[in-house]
Amino acid sequence: MEKGSSNPPHVLIFPLPAQGHVNSMLKLAELLCLSGLYVTFVNSEHNHERLVRFTDLQVRFSKYQGFQFKTVPDGLPVEHQRTGNHFMELVKTMKMVTMPIFKEMVQGMTPPLNCIIGDGGLEFVLDAAIEIGIPVIHFRTVSSCSFWSYFCIPDMINAGELPMKGSQDMDRIVTTVPGMQTFLRCRDLPSFCRVDDMSDLDLQLFTNCTRQTLRARGLILNTFEELEGPILSQIRRRFSNVYSIGPLHEHLRKKLIEQKHQTHQSSNSLREVDRSCLSWLDKQPSKSVLYVSFGSQAVTTKEQFLEFWHGLVDSKKRFLWVMRADSIAKRDGEAENYPPELVEGTKERGLIVEWTPQEEVLAHEAVGGFLTHSGWNSTLESIVAGVPMICWPYFADQQINSRFVGEVWKLGLDMKDVCDRKVVEKMVNDLIEDNREEFVRSVAKMAELARNSVSEGGSSNHNLNCLIEDIRLMVG
Ligand code: UDP
């Protein structure tokens, strides 16, 4: 709501401090502001400083009455790595360091809070809110299929389907996840299931926090009924008030247009965006470029990086590749002498940058395919843009997302657990050329369903209205 009206509900939103979480929860925050709610958005100090440095976020949100940012420490030293394996460290330090500060902040808030929308990955937010007596709705930024598989882990253990029995067991079908009995293999389960010991701390952490959502008043998912309807039905057997309101980036874009706000070039990036790749794309033929990005967290080995690079160059297709400074595991003392044919091939047909405006890149006319790590935001962004995918999942929910993309939704190819230049070359050619029509047809259909779901009368639009209505009922 623009400045001027009175007495709306006050909602606090708290994401896990990682790119995909912050991005989608900021979009939800803006949707709630547009509906007239007061919103307090909590960032880690580390992320907030980056958002202020790299985006126009403060200006964008300053037009909403009752909106404010608050910051909390995440418990890690400023220069500490927060990506790859370090991400789990962050989740653990927050519980110790951030929780007491958060509790104090919430109790002293004016106007008083009516509801907290907490990231389901931050268990302590639910504990603190229940102790203080504020209703909590959980937001899970992952797909419904991955949320549901996490929820079913205790059943898999009871049925003896977990732990997996080594690498020879990876293609066994898992039968205890309702709705997925015919196609879910061990290798498609969230990566934290790949352990021998079921009391493994990371596995326990994800299983527990998924079960904790049963204590929340509701569950928000960044998905849409037409994509994940059968799995959402399974989730609704165990959870009440499930609001599927995605794809959030498209939902927000639509609402901003309806309310005649500017929509151009807004970004929630925690990194500096290199927009020069858009001018490079302008010079490439239609649908000729493969966009390559493994998101904000994935870290490859040097060997994997070289297999991808060979595969891309050997495919003879054009490519735009996001290579973050921290994307490759460091090997001390090793000189960076790259094979000249790779450097030459890239000069001819490729561009490597540190960070792109991804939504704009995927929407660009020149982009014909996406080699992705199957992060949930990236998957939704690709679907909305109608771009077919090659999936190379790295960790967490990505393993199951890529199975759904390849086997269930038929929106691309799943390259899970393989990193071989010949396979990369073949899949790139399949996607961009040989079987292009088939993939483009199914993604275009899904893109239309996504757009309809966030339009007037669509399922996600309806569910967002229900969410807002339910929050309004929490006032007083
Ligand atoms: N992203 C971006 N520029 C890039 C790479 C990624 O803006 O060069 C954004 C992307 O649009 C997405 C987010 O970063 O919204 C990554 O989230 P995702 O859930 O796909 O993966 P994660 O980073 O959490 O593994």
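## Burial and overall dimensions

In this predicted model, buried residues account for 47% of the 476 residues in the protein chain. The radius of gyration of the protein chain is 22 Å, which agrees with the value near 23 Å that a compact globule of 476 residues would have. Along the principal axes, the C-alpha atoms of the protein chain fill a box of roughly 65 × 55 × 50 Å.

The protein chain contains 19 helices and 13 strands. Of its contacts between residues at least 6 apart in sequence, 71% join residues at least 24 apart.

## The seven-stranded sheet

Seven strands form an open sheet with parallel pairing, in the order S3-S2-S1-S4-S5-S6-S7. Its edges are strand S3 (67–72) and strand S7 (242–244), each of which pairs on one side only. From one strand to the next, the twist averages 20°. In general, the strands of a sheet pair through backbone hydrogen bonds, in either a parallel or an antiparallel manner.

Within this sheet, strand S4 (residues 115–119) and strand S5 (residues 136–140) run parallel and are joined by four bridges. Gly118 stands opposite His138 in S5. Helix H2 (residues 45–54) lies across strand S2 (38–44) and S3, and runs at about 105° to S2.

## The shell around the ligand

There are 19 residues around the ligand, of which Gly20, Gly295, Gln358, Gly375 and Ser378 come nearest. Two or more residues of the shell are given by each of helix H1 (19–34), helix H14 (358–363) and helix H15 (376–385). The largest share, four residues, comes from H15.

By residue class, the shell around the ligand divides into 13 polar, four nonpolar and two charged residues.

Tyr394 is placed in the loop between strand S12 (389–391) and helix H16 (398–408). Around Tyr394, 19 other C-beta atoms lie within 10 Å. A buried residue requires 20 or more and an exposed one has 12 or fewer; Tyr394 is therefore partly exposed.

Apart from its neighbours within four places in sequence, Tyr394 is in contact with Phe294, Ala298 and His373. Tyr394 and Asp417 are separated by 23 residues in sequence, and their C-alpha atoms are 8.9 Å apart in space.

Methods:
Residues numbered from 1 in each chain as written. Predicted model: local features only at pLDDT ≥ 70, side-chain atom pairs only at ≥ 80, totals over all residues. Near = placed C-beta within 6 Å. Nonpolar A, V, L, I, M, F, W, Y, C, P; charged D, E, K, R; others polar. Rg over C-alpha atoms; globule rule 2.2 N^0.38 Å. Contact = placed C-beta atoms within 7 Å. Pairing = 2+ DSSP bridges. Axes fitted to C-alpha atoms, helices over the stretch in contact; angles between N-to-C directions.
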